[in-house]
Amino acid sequence: MKLLKLLLLPFMGAVVAAAFLWPEPAKGFLGESSRIVFFHVPCAWTAALAFLVAAGYSVAWLVKRQPHFDEVAEAAVRLGLLFSVLTLVTGSLFAKIMWGSYWNWDPRESSYLLLVFLYSAYLFLRAAVDDPERRARIGSAYAVFAAVLMPFLVFVAPRVTASLHPQTVINPQGKILMDTPTRTVFFTALAAFTALFFWMLEIQSRLARLDRERAKSARGGAG
Amino acid sequence: MASARIEAIALEKSFPGRPLFADVSFALDRGVLAIVGPNGSGKTTLVKILAGLLTPTAGTVRVERDGRLLSAEERRSAVGWSGPDLAFYPELTARENLDFFGRVAGRPASFEDIRSLLGGVGLAEAGGPVEHFSTGMKQRLRIAFAFLLRPDVVLLDEPLSGVDADGRRAVAALVADAARTMPVVLAATAREELPDATEVLEFAGRNTGQGKRYK
Amino acid sequence: MSERRPGFFSRAWAVCAKDAAQELRRRVAIASIFFFAATALALVSYAVGPFGLPPEARSRLDASLLWVILFFSAATSLPRAFVREEETGTGLGLRKVAPGVVVLAGKALFNFLLFLAIAVLSVPAFSVLLEWQVRSPAGLAAVVLLGGWGLSIVSTFLSALVARAGQRNVLFLDVSIPLLVPLLMPAIAATIQASEGAVDGTPLRVLAAYDGAATCAAYLLAAVAWED
């Protein structure tokens, strides 16, 4: 496991280098701007993955009621927020190059802004509750409920209204519209960002567990 | 007439940094169990756990009717409860409040049943919305609520709080009548505040974590 | 012989009827909701009028304005479903006698009926004041029903969560708006289609799917959200 973590840094480095050096810029995009797909889409994918992980661990907490599951869920939401913000930043840079403005209230752009609000709301809701058991219960209920409705936000609603956003990887034709080098770097970048997310998640949840155990020791083992 | 039993097995409740009580056990078939202790000792929390309103940190509550263990859903109507923080809808009358709670519980009470219940606590003549009720009248309504769903077990937390002499007699009569056929659990800060009890469970005070039991 | 007990819907209806009785007796809350809707309508009508919008953008903007009025009028009452029970202390008695799913269903039903009442009054007034034409009344009815139910069930569920936390009114807007936007977008799209008479069914299907998903999730999570 430690070896895999050590390999992650050079792996990410290779992905970043390949993103700039290997595939040719895609047709229909200004200059080198198409290379943003190797960062923007993995960030978006990771943000969505984080929320699914949060929902999964929230279900686990609801079933088992073990504090560790709630800690992982909260850590996943925080990371989901981070990657959502990165999605918005990379998307805005692309929008500036392609359409001349950072923000256009494009439905797909806006759906990730709402995702940021959604998971900020999760953290606000938790922050308003003092009792840890109740906080975990309310947070879990909200995370699961939001995860059920999230596909409508991220996948369905943007397709109901007209969008400036380029054709996505998941498109109505069911085809991957990329040449081989682009496809190779793209899917490798997806794997690298996913590995990065799980590594960060493990660190965050371990920190949360240490905090809980320290607090328990300070109370003398009670509660 | 169904026979009921309530049993607490090693109940424990603690909040972060604040243990409330531990290892509380008792079993009651009929008669009155009085839980006494100072403010903050955990009496109200224990009664709420018995009523199913709170989850214990450890331990179990068992309620049986005719030897059969009742499910959590059955216990909602089988266990009657009233406590000092039970409030009623201020815009509705006493009769409307009880009628509503009966309907939403899935056990609607007839007009005569509600009138009889209100009469039993001395509220037969009380009209108008509950927001105009005095403290004592609201307390009497709480007692009526506890008996509304024809329960098999009754839990009354601070039953005589704010109630005048007439009200105390009415409540004592209700409790004595119920205790002949079912378990009744009462809680208060002092034993003198309660009708006669068969058994007493004493909560010693804050954070001691133990309940002592004596007859 | 066992007596026949009222079923789930009877119990939920009791909650709905009680909420209605409370609101009608208090009157202030109901009046303020309709006053808000009337004020919003008047302001929009004054600012835009029947001829203030470019013809090519009218159907899109009219549909959006209508849903802004409906949503924010409903939002003045939606958070109160469970929050009021906690503030007045009546939540404890309700939790004692009924499971969360019964209470949630009853309150969602009340919120839905209230939304329909707002819509029944606001939509014709909007149509008159802004010369807004609806070529497919059936399509409009469908979107109001589907949109109204989605709005009600999501808001009621979130009200249950927020009721157990602090800073309730502020918190409700924070937690609800991100989850309601995926409802409002297809609702507006379907309203545009209804006004133009070109209903292709896609946004209505999205609404129906959203309502189904939200209802199932709320049903399964009701006990967790409200009980201790």
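pLDDT is the predictor's confidence in each residue, on a scale from 0 to 100. Among the elements of chain B, strand E10 (residues 209-214) of chain B has the lowest mean pLDDT, at 45, while strand E6 (residues 79-82) of chain B has the highest, at 97.

**Confidence in the model**

- Chain B has a mean pLDDT of 88, and 93% of its residues reach 70 or more.
- Over residues 207-215 of chain B the pLDDT is below 50, although this stretch has 21 contacts in the model beyond near neighbours in sequence.
- Where pLDDT is low, the predicted coordinates should not be read in detail.
- For chain A the average pLDDT is 84, with 86% of the residues scoring at least 70.

**Make-up and overall dimensions of chains B and C**

- Chain B contains six helices and ten strands, whereas chain C contains nine helices and zero strands.
- Read along its sequence, chain C accordingly follows the pattern α-α-α-α-α-α-α-α-α.
- Chain B has 215 residues and a radius of gyration of 17 Å, which agrees with the value near 17 Å that a compact globule with that number of residues would have.
- Taken along the principal axes, the C-alpha atoms of chain B fill a box of roughly 45 × 35 × 30 Å.
- Chain C has 228 residues, for which a compact globule would have a radius of gyration near 17 Å, and the 19 Å of chain C agrees with this.
- The C-alpha atoms of chain C fill a box of roughly 65 × 35 × 35 Å, again taken along the principal axes.

**Contacts between chains**

- Where chain B touches chain C, 25 residues of chain B are in contact with 22 residues of chain C.
- On the chain B side of this contact, helix H2 (72-78) and helix H3 (94-104) of chain B each supply at least two residues, and the largest share, four residues, comes from H3(B).
- By class, the side of chain B that touches chain C has 17 nonpolar, two polar and six charged residues.
- The contact between chain A and chain C takes 25 residues from chain A and 27 residues from chain C.
- Helix H4 (107-127) and helix H5 (132-160) of chain A each supply at least two residues of the side of chain A that touches chain C, and H5(A) gives the most to that side, with 15 residues.
- The residues of the side of chain A that touches chain C divide into 22 nonpolar, one polar and two charged.

**Helix packing within chain A**

- Two packed helices are described by the angle between their axes and the distance between the axes.
- The axes of helix H2 (residues 37-64) of chain A and helix H3 (residues 67-99) of chain A come within 7 Å and cross at roughly 160°.
- Angles over 145 degrees count as roughly antiparallel, so H2(A) is roughly antiparallel to H3(A).
- The crossing of H2(A) and H3(A) is left-handed, and the residues of their contact divide into 20 nonpolar, eight polar and two charged.

**Helix packing within chain C**

- The axes of helix H6 (residues 100-129) of chain C and helix H7 (residues 137-163) of chain C come within 8 Å and cross at roughly 135°, and H6(C) and H7(C) are therefore oblique to each other.
- The crossing of H6(C) and H7(C) is right-handed.
- Residues of H6(C), including C:Leu104, C:Phe112 and C:Phe115, meet residues of H7(C), among them C:Val144, C:Trp149 and C:Phe157.
- The residues of the contact of H6(C) with H7(C) divide into twelve nonpolar, five polar and one charged.
- The axes of helix H3 (residues 55-75) of chain C and H6(C) come within 10 Å and cross at roughly 150°, and this crossing of H3(C) and H6(C) is right-handed.
- C:Leu66, C:Ile69, C:Leu70, C:Ser73 and C:Ala74 in H3(C) meet residues of H6(C), including C:Phe115, C:Ile118 and C:Phe126.
- By class, the contact of H3(C) with H6(C) has eight nonpolar, two polar and no charged residues.

Conventions:
Residues are numbered from 1 along each chain as its sequence is written. Chains are lettered from A and ligands numbered from 1 in the order in which they are written. This is a predicted model: local features need pLDDT of at least 70, side-chain atom pairs count only at pLDDT 80 or more; totals for chains, interfaces and linings use all residues. Two residues are in contact if their C-beta atoms, placed from the backbone, lie within 7 Å. Ala, Val, Leu, Ile, Met, Phe, Trp, Tyr, Cys and Pro count as nonpolar, Asp, Glu, Lys and Arg as charged, and the others, Gly among them, as polar. Axes are lines fitted to C-alpha atoms, for helices over the stretch in contact, and angles run from 0 to 180 degrees between N-to-C directions. Angles under 35 degrees count as roughly parallel, over 145 as roughly antiparallel, 65 to 115 as roughly perpendicular and the rest as oblique. A crossing is left-handed if the near helix is turned anticlockwise from the far one by less than a right angle, and right-handed if clockwise. The radius of gyration is taken over C-alpha atoms; the globule rule is 2.2 Å times the number of residues to the power 0.38.
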